[in-house]
Amino acid sequence: MNPRVLGIALSDISTGLIFYPDDEAIIFPTIISKKKSEEAWVVGEEAYALALDGKGIITDKLLKLARKNGTATIDGTKYDGKEILKIFFKEIINVGMEKLYKEKPDEVVIAIAELDKYIVRDIREAFVGLGYQPNHIHVISKEESFIYFVLSLKKDIWSNRVGMFDLSDVSLTYYEMMVNRNTRKLSVNAESENMDEAFNLQILNNPSGAKLADKILTSVAEKVMDRKKFSSIFLTGQVFAEHEWAEGFIGFLCSRGRVYLDTNIFAKGAAFKGVDLASENSIYNILATCEGRLKSDVFINVFSNGKSCKMYLGKAGDIWDEPNEELFLIPDERESIDINIVSVDGKSKKNIPITLDFLPKRPVKTRRFCLKSHFLSDKVMNLEISDAGFGDMYPATGVKRNIEVNIWD
């Protein structure tokens, strides 16, 4: 099996594409320009050139525009953010297919930072509008694409902790990944932190600025890596393609572990995730906990057919923005239900009682309620509890309450 997969790493600064099985990446600045008085669009560097020539109207920060439900008036026509994002996707895919191959991919995986259900919806709708099937469009976090990129490499590279620095013109982000082999399924956790010490890359244009940038990065590395041991440390971002200016920073990293450079980690990781999704059986077979996925098991204890069992509202590794769970429960004599939360390693546990005193009072075993759960993030869950009545004897009253539950602070 050799699936065709399109991996995309999307940010407001640049967008990378990989058409697997080709491993060549195409990088575009995340900008688009409409030719004046024409229904034609160009992207990336060509968009800059068109605008500088006075023949095009440029739009940038496309992801931000879509996130805030913004609009842009271009050549007399108003476009909303997600419309422009859709046109951008269409154009970069056309360019990519022209350069690499003509076949439409089987799976599309888009990696972004700061997942929320609205931007995920907008990206998915954009690809559906371009003719892709909904069940073959996947939006994941950059943390998850980092996991799949690293796990595609030799085991000695990720046998211990793995670190990564992602540097762009507007942000410096540190990633860290750990593998836990003490579980039946390989458990992998990745986290990231946006650093306050980000700087404008233009300072690299002169020797004193480059020296300052090197000192800033070294200081950040010393702070976040502390005394930890690493199997490997990665550098990503186009700025590291020429890295002589970061001699002190890289020297410090080499004292902590093997250092690797790859400017297209997120696009490659997205492509490897797509290959895994396209495979009949998972290649990696992992339980990933990272942005976009639950980091804990969330369940209630119930009796069913005379036996005590756990009824899961969500499991560690689940995508948190999945469809709601709906349960019909009879609380017997209890005036509350307990939400149990257990971290993936089992070391952290939490119990949250939810009172039911707002439901109608009825005889034991005739109080029935409907519990709907929906995760708002990997840390917050919404519960809707409503009176479900008990047949013709006690019709449902419509009493309902929404409760927001903080899984972890």
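Two residues are in contact here when they have heavy atoms within 4.5 Å of each other. Leaving aside residues up to four places away in sequence, Lys315 touches Leu294, Ser296 and Asp297. Lys315 counts as partly exposed because its relative accessibility is 41%; buried means under 20% relative accessible area, exposed over 50%, and partly exposed in between (1.4 Å probe, protein chains only). The C-alpha atoms of Lys315 and Trp245 are separated by 45 Å, and these residues are 70 places apart along the chain.

A word on what you are looking at: this is a predicted model, in which local features need pLDDT of at least 70 and side-chain atom pairs count only at pLDDT 80 or more, while totals for chains, interfaces and linings use all residues. Residues are numbered from 1 along each chain as its sequence is written, and side-chain values use heavy atoms, with hydrogens and water left out.

Next, follow helix H4, residues 117-129. Its 13 residues reach 18 Å from first C-alpha to last, close to the 18 Å expected at 1.5 Å a residue (the expected span is 1.5 Å times one less than the number of residues). Buried in H4 are Ile119, Val120, Asp122, Ile123, Ala126 and Phe127. They lie on the same side of H4 because they cover an arc of only 165° around the axis, taken from the directions from the helix axis to the C-beta atoms. The buried residues of H4 pack against strands S1 (5-10), S9 (107-112) and S10 (137-141), and against helices H2 (62-67) and H3 (81-99).

Finally, the pockets. On a 1 Å grid over the protein atoms alone, a pocket is an open set of points with protein on both sides within 12 Å along at least five of seven lines, and lining residues have an atom within 4 Å of a point. The largest pocket has a volume of about 1300 Å³, a volume being the space filled by probe spheres set on the points. Its lining has 48 residues, with Ser11, Asp12, Ile13, Ser168 and Val170 closest to the centre.

The second largest pocket has a volume of about 470 Å³. It is lined by 18 residues, and Asn301, Val302, Phe303, Ile330 and Pro331 lie nearest its centre. Strand S17 (296-304) gives the most to this lining, with 5 residues.

Technical notes
1 Å grid on protein atoms, 1.4 Å probe; cavity = no way out; pocket = protein on both sides within 12 Å on 5 of 7 lines; lining within 4 Å. Helix = DSSP H or I, 4+ residues; strand = E, 2+ residues; numbered from the N terminus.
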